[in-house]
Every structure is written in structure tokens, then in C-alpha cells.
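Biologist: I am new to this structure. Please take me through a single part of it, slowly enough that I can follow along.

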Amino acid sequence: MNTSLKNKKILIVGGSSGLGIAVAKHASGLGAKIVIASRNASEKHGALGEAVGHNIETYSFDVTSQGEISTALKKIGDIDHLVITVRPNINPAPFETIDIKLAKEAFETKFWGQYQLIQQALKGINRKGSIVMTTGIAGEKIFNNFSTMAIINSATETLCRSLAIELAPIRVNVVSPGFVAPKPEAVEEYAKKFPLKKITTAEKVAETYIYLMESSYTTGTSVVIDGGARLI
Ligand SMILES: NC(=O)c1ccc[n+]([C@@H]2O[C@H](COP(=O)([O-])OP(=O)(O)OC[C@H]3O[C@@H](n4cnc5c(N)ncnc54)[C@H](OP(=O)(O)O)[C@@H]3O)[C@@H](O)[C@H]2O)c1
């Protein structure tokens, strides 16, 4: 297949499950060289390689640790694209009862994790390559009990636009997903109100990461893939 990702090296941080592994599978199918990282990715090397279906490299590091990021990036070497899909450990909660420690840890993982990873990875990213971060529609759309995720996503989208200017010609974009399967029955039911009447799959969302890596004239953009959920 004729694709700009053939033989390109893509580091997917948060690639050991969910959206990240779906991106790994899709990009690998297009001939890209896949490097998967997460806190426990190397421990799962065999299973991840089987899931992706091609030879991959795996590295374990925590995006909240500057030292771990630095050590791993030295081993990984130069890359063409950086995709970040790390998920913070936080559940929806009413503002009045939010555990502030958990809220700060979530910011530390998803916002500062993406920020410091990009800062350190920068010198090894191909100038014709790109960075794709992950946000989510909470932020653009206000949901009850999602205040922490909303501010993290909004801050990340602002970071994306700032870096698109500062880091050019390296392109910097964001994927903003809505509701991705599997989800509880109640969410499936809620999704019937969306313009497109359903939640989506990680495989479908992965197409957006691929688009942003391949689209050589797109930068500073957040691509929403939510079936119209933010509009209701
Ligand atoms: N799924 C959805 O419905 C949805 C909707 C909107 C937005 N999003 C956003 O999309 C992103 C990905 O979500 P997902 O559903 O794909 O999550 P997921 O399946 O839980 O995967 C999260 C990944 O992040 C890694 N990770 C977590 N903390 C880390 C850390 N401190 N350092 C390094 N790696 C870390 C995990 O591996 P280890 O445990 O090995 O570290 C795993 O590879 C998140 O930012 C999420 O907020 C998801």
C-alpha cells in the first residue's frame, strides 16, 4: 500500500492498551516500525507483539518520571512520529467530593506527562514528522462530574496550538475522542441520542491518529471523533 507511514518509526506512549494499541495495529499494517511504551509495556512484550502482528519494540517507563523518560528515549533513538495516549487514573466525581490528590495526579499524568515527554523527545523527532496528543470531548462539552478531565483536556488543547507554532516544522495535533467501547450499558443507551446514535471503537478512533500523522499540511488542530456527542 502507498502510505507515508511505510518504514516510519512511531513511538506510541500509552500503546499497551485501548486507543494506543489500536493505533499500533493500524500503523503496523501500513508498514510502520512500532515502538510501544507504557509503565508495563516491556513486561507484556510477547503479548503486545502478537496483538500487533509484527515485530515491535517495547519500553517501560512512567511519563511522570523525568529520569525514566530520559533513560528510555536514549535507548529508543530517533523517531518519525510520537503518539501519546496515556490515561490518568481518575473516575468521574462531583466537584465537592473530588479527592484533590487524585485530581492532581491525573493532571500530572495526562497533562504534565504529555508536556515533559514532548520536551524530552523533541530533539529526536524527524523535522518532517509529527506529534499527536490525546484529549477527549470533556472540556469542549461540559458533563456533570467531569471537571478534572475537562480542565486537563482544555490545557492539553492549548498546549497543542502553542507547540504547533513553537515546534514547526514538526506538526503537533490532538485527537479528541468521545465515547469509545467498551462502555457500560447506560452509556450505550445515552449514545442513542447522539447524531450518529452509537459509541465507537478504538479501531475507528485509530484512523484519526493515522490521518494526523499522514496529513503533511495539518498542524495545531484538534480532530474530534465523537459521533456528534458534544453537540447534544
Ligand atoms: N476510551 C475512551 O472512551 C476515551 C474517551 C475520551 C478520551 N480518552 C482518552 O484517550 C486516552 C487513552 O485512553 P484509553 O481508553 O485508550 O486508555 P487505556 O486503555 O487505559 O490505556 C492507557 C495507556 O496508558 C498507559 N499509562 C497509564 N499511565 C501511564 C503513565 N503514568 N506512564 C506511562 N504510561 C501510562 C497504560 O499502560 P500501563 O498501565 O502499562 O502504564 C496504557 O497503555 C486517555 O488520555 C483518555 O483520557 C479515552
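Modeller: A salt bridge here is a side-chain nitrogen of Lys or Arg within 4 Å of a carboxyl oxygen of Asp or Glu. The model is a predicted one. It holds five salt bridges. Let us look at these contacts.

Start with a network. Glu140, Asp226 and Arg230 are linked in it by salt bridges. Within it, Arg230 pairs with Asp226, and their closest N and O atoms lie 2.9 Å apart. How exposed is each partner? Asp226 has 7% relative accessibility, under the 20% cut-off, so Asp226 counts as buried. Arg230 has a relative accessible area of 27%, so Arg230 is partly exposed.

Now go to helix α7, residues 202–214. Glu207 and Lys204 form a salt bridge there, with 3.1 Å between the closest N and O atoms. Why are they about one helical turn apart? Because the two residues sit three residues apart in α7. Glu207 is partly exposed at 37% relative accessibility. Lys204 is partly exposed too, with a relative accessible area of 41%.

One more pair remains on this tour. The side chains of Glu189 and Lys192 meet in a salt bridge, at 3.1 Å from N to O. Glu189 has 43% relative accessibility, so Glu189 counts as partly exposed. Lys192 reaches 48% and also counts as partly exposed.

Key:
Residues are numbered from 1 along each chain as its sequence is written. This is a predicted model: local features need pLDDT of at least 70, side-chain atom pairs count only at pLDDT 80 or more; totals for chains, interfaces and linings use all residues. Side-chain values use heavy atoms; hydrogens and water are left out. Buried means under 20% relative accessible area, exposed over 50%, partly exposed in between (1.4 Å probe, protein chains only). Helices (H or I, at least four residues) and strands (E, at least two) are DSSP runs, numbered from the N terminus.
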